[in-house]
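This report looks at how parts of one chain pack together. Please keep the sequence and the structure in view while reading.

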Amino acid sequence: MGNDVRPNWDSPRHFVLACVSYAVGLGNVWRFPYLCQMHGGVATVLPICLSTSPKHLHRYVNGTDCLHPLQCPPPFTLRGFLIPYMIMLVLEGIPLFYMELAIGQKMRLGSIGAWTAISPYLGGVVNGGIHYGQAMCLVLAWGITYLLISKGVKSTGKAVTFTATFPYVVLFIYLIRGFTLKGAFSGITYMFTPNMEQLANPYTWINAATQIFFSLGLGFGSLIAFASYNQYNNNFERQAIMVSLINSGTSIFASIVTFSIYGFKATVNFENCLERMRVLLLNTFDLAEDSISLDTVTDWITKLNTTFPEEFAAIEHRIETCDLTNELKDAAEGPGLAFIMYSEAIMNMPLPQLWSVLYFIMLLLLGVGSMLGNITAIVTPLRDFKVISKMSSLVCVFCLLLGLGFTTTSGNYWFTIFNDYAATFSLLFIVLFEVIIVSYIYGIKRFEKDIEDMLGHAPNLYWKIMWLAVSPLLLICLLLYYIINYILGGTPTYQAWNKHLGKAEPMEYPVYCQLFIGLLLVSTVSCVPLNALYAFYQKRKQDKRRKSHTLTTLSA
């Protein structure tokens with residue numbers, strides 16, 4: 001396969017940028033920060049990297065950048081979500097990223113063709129109305145995607161130069177702006193406040209592994225497709241490490257930006273709460289305007305409650321608990337972190353129109369960059385098998401039609417279903433089979449020789465230990481935990497907004513949604529066993545024909 005005529009990237013830089021543009025997406029901006037918030041912060045290595053001096057480190061550790069010492073979260077220690085995340089990156093993310101690039105570059109085919117070449121049993125098989133504003137934005141996004149991939153890797157290579165770099169420009173601008181906002185370091189300090197108990201929670205490790213798979217794009221076929229357009233002797237080993245570290249660094253960088261702005265939003269809400277309590281106390285007890293400041297509201301509440309218990313009892317039902325930590329805990333989940341929280345924060349900034357335009361252009365480019373990789377994963381195998389010479393337009397139209405379901409009034413609920421169930425199980429399953437097939441069916445010795453033929457040197461012991469033992473074992477444990485947790489978890493639930501209570505509450509999915517979830521789980525992993533059975537049946541059929549032909553020849 002290595003000698004087939006195939007278009008190549010104009011330069012290795014375009015390949016690296018394509019991988020970065022594909023890997024760095026919306027999950028880096030909203031999923032990683034949310035997981036940090038949910039599982040207790042990312043306080044392992046980052047504080048050292050963030051601190052430009054011992055003085056700054058001391059300030060971060062002791063929380064002296066908070067609005068008030070009593071309002072600061074407790075000092076952080078070296079623990080949190082970054083621990084399982086970095087372990088999964090080293091034990092699974094980088095080794096499997098390396099493996100997929102090696103497969104694509106060696107076979108010079110897309111995912112289906114590459115797996116069929118490795119083994120014939122692995123090929124696989126390819127409520128409410130629509131919100132028209134969102135639908136038009138979806139059409140625009142897919143139109144841009146088609147224009148960027150219409151001429152193959154030549155146009156994609158040029159496009160990713162912009163889609164991979166512009167988001168960093170915007171994030172850097174937001175970082176500078178975020179650090180100048182009041183309360184920014186309260187948010188960053190909160191991000192660095194971990195919960196040690198979360199390390200004993202298996203779901204933390206499941207989320208860390210899934211974030212690695214999602215973020216690096218493992219198991220989707222995009223990396224194999226990208227690598228298939230490389231020169232045969234391209235140094236994909238160095239590029240695999242480089243892209244993996246850039247991707248993870250971007251997640252941490254985006255989290256700093258997110259929590260600096262989130263700290264600003266929480267501080268605004270906290271001060272508004274204090275101001276309401278200050279005005280209430282001034283009016284109720286007829287105090288001088290300057291007698292109560294925001295810093296002394298809590299002390300005055302305690303003092304007045306002790307001094308004038310009867311008068312205080314009359315307004316006790318109107319007293320709110322103003323707590324910066326509670327404001328920081330109320331993070332918007334999932335995409336709400338990117339859209340709701342950022343939007344609210346932008347409204348309180350000077351020149352909100354400028355910041356909103358920059359931010360949503362960045363989100364658009366992050367999404368387009370990821371879609372370029374996903375479409376390449378679909379189109380490349382179709383071109384390899386010469387199904388239709390030009391499939392880009394048809395694939396884009398088909399994906400556009402599928403995406404319209406997410407633009408309906410219930411689109412966010414469908415998004416939640418796909419986010420929770422469409423990829424976690426299937427990615428664990430597919431990547432597990434991927435590493436077992438390459439290591440034990442194709443053979444690690446054979447794979448090692450292929451890499452040596454391309455790079456000029458064999459992979460070192462670290463890579464072989466990861467592929468043969470560590471990665472498969474971790475994937476099996478994670479997969480078993482996911483299956484057991486899903487079975488014992490009872491009826492799947494989602495968060496629905498209760499307009500009467502004014503808050504979100506868990507509700508069970510209706511029966512048709514439960515059936516759809518089951519179908520989603522089965523459909524995402526069924527291609528491998530179904531194709532293996534088909535290939536086995538075809539092989540037996542050919543063996544029978546060969547045996548029948550041999551007997552006919554002997555009898556003649």
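The crossing of helices α11 and α22 is left-handed, a term used when the near helix is turned anticlockwise from the far one by less than a right angle, clockwise being right-handed. The model is a predicted one, in which local features need pLDDT of at least 70 and side-chain atom pairs count only at pLDDT 80 or more, while totals for chains, interfaces and linings use all residues. Residues are numbered from 1 along each chain as its sequence is written, and side-chain values use heavy atoms, with hydrogens and water left out.

Helices here are DSSP runs (H or I, at least four residues), numbered from the N terminus. Two packed helices are described by the angle between their axes and the distance between the axes. Axes are lines fitted to C-alpha atoms over the stretch in contact, and angles run from 0 to 180 degrees between N-to-C directions.

| Helix pair | Angle | Axis distance |
|---|---|---|
| α11 (residues 202-216) and α22 (residues 461-488) | about 115° | 10 Å |
| α9 (residues 166-179) and α13 | roughly 35° | within 9 Å |

In the contact of α11 with α22 (heavy atoms within 4.5 Å), P202, Y203, W205, I206, A209 and F213 of α11 meet L475, L478, Y481, Y482 and N485 of α22. By class, this contact has 10 nonpolar, one polar and no charged residues.

Helix α9 likewise passes α13 in a left-handed crossing. Residues of α9 including Y168, F172 and F179 meet residues of α13, among them I246, F253 and I261. By class, this contact has 12 nonpolar, three polar and no charged residues.

Buried means under 20% relative accessible area, exposed over 50%, and partly exposed in between (1.4 Å probe, protein chains only). D286, in the loop between α13 and α14 (297-307), counts as exposed at 70% relative accessibility, and D286 has a positive phi of about 55° although it is not a glycine. T321, in the loop between α15 (309-315) and α16 (324-329), is exposed with a relative accessible area of 71%.

Methods
Helices (H or I, at least four residues) and strands (E, at least two) are DSSP runs, numbered from the N terminus. Ala, Val, Leu, Ile, Met, Phe, Trp, Tyr, Cys and Pro count as nonpolar, Asp, Glu, Lys and Arg as charged, and the others, Gly among them, as polar.
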